[in-house]
Amino acid sequence: MQRILKGGPWSFDCHLLILSTIKKGNILSQVPLYTVPFWVQVHLLPVGFMSLIVGQSIANYIGEFLDYDVKNSSDLWRSFMRIRVLIDVKKPLKKAKRIKKPDGEATVVFFKYERLGTYYFFCGLLGHTDKNCDKLFNMEQDDGQREWGPYLRADPRGATRGSVGYVQKIQIAGMRQSRNLT
């Protein structure tokens, strides 16, 4: 059972499955089913920032810290940090975070979510597309602008492609939307 819970996120037909344990005496209708654990890759970290303490801080910005991948961070050839985060599906996915370097200069790190299922590029919420988006339906007119995009999906584990293409896309998108780092 724990292997299943720790191995997620799980999906069926590209739809996110939210799992939880039920203890004896729990009332089924009161079991909260709105959080999902994800491995999140943190890209463009400055030198010296690949640490558990930084990982915990960034994870708690995204959701709730669960784990830090020491094996990934100890490899000098890795260009990103991996953190396990419990994400609230009722909130939009976080795309990036500004962090301060020791010299006081600010830089932006970007996130990619492993095994990310269906989410809508308009509102950033998991589990639906344009057909079921209340935020889109409440607009008078859709201008076609989308703050989220496919760049939040991490390459499958073991893929040999680096993060350079991703970083270039993100930097271009960031220039257009530098204030929207949700």
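Trainee: How many contacts beyond four places in sequence does the model have for residues 160-168?
Mentor: The model has 11 of them there, in a stretch where pLDDT stays under 50; a contact means heavy atoms within 4.5 Å, and pLDDT is the predictor's confidence in each residue, from 0 to 100. This is a predicted model, in which local features need pLDDT of at least 70 and side-chain atom pairs count only at pLDDT 80 or more, while totals for chains, interfaces and linings use all residues. Residues are numbered from 1 along each chain as its sequence is written, and side-chain values use heavy atoms, with hydrogens and water left out.

Trainee: And what about residues 170-179?
Mentor: Over that stretch pLDDT also stays under 50, and the model has seven contacts beyond four places in sequence for it. Where pLDDT is low, the predicted coordinates should not be read in detail.

Trainee: Which residues touch the most other members of the largest nonpolar core?
Mentor: They are V40, L45, I58, I62, I83, L93 and Y113, out of 28 residues in that core, where a nonpolar core is a set of buried Ala, Val, Leu, Ile, Met, Phe, Trp, Tyr and Cys residues joined through side-chain atoms within 4.5 Å. Two or more residues each come from β3 (35-43), α2 (52-62), β4 (64-68), β5 (80-88) and β7 (106-113). Leaving aside residues up to four places away in sequence, V40 touches several residues, among them I62, I83, F111 and Y113.

Trainee: Which side chains does R82 meet in salt bridges?
Mentor: R82 meets D69 at 2.5 Å, N to O, a salt bridge being a side-chain nitrogen of Lys or Arg within 4 Å of a carboxyl oxygen of Asp or Glu. That pair links strand β5 to the loop between β4 and α3 (70-73), with the partners 13 residues apart. R82 also meets E114 at 2.8 Å, N to O, and here the partners are 32 residues apart, with E114 in the loop between β7 and α4 (134-137).

Trainee: How many salt bridges does the structure hold?
Mentor: It holds three, one of which joins the side chains of K101 and E105 at 3.7 Å, N to O. E105 counts as partly exposed because its relative accessibility is 44%, and K101 is partly exposed too, with a relative accessible area of 26%.

Trainee: Last one: what is the phi of L44?
Mentor: L44 has a positive phi of about 70 degrees although it is not a glycine, and L44 lies in the loop between β3 and α2. Most residues other than glycine have a negative phi. R115, in the loop between β7 and α4, likewise has a positive phi, near 60 degrees.

Methods. Buried < 20%, exposed > 50% of the residue type's maximum accessible area, 1.4 Å probe, protein only. Helix = DSSP H or I, 4+ residues; strand = E, 2+ residues; numbered from the N terminus.
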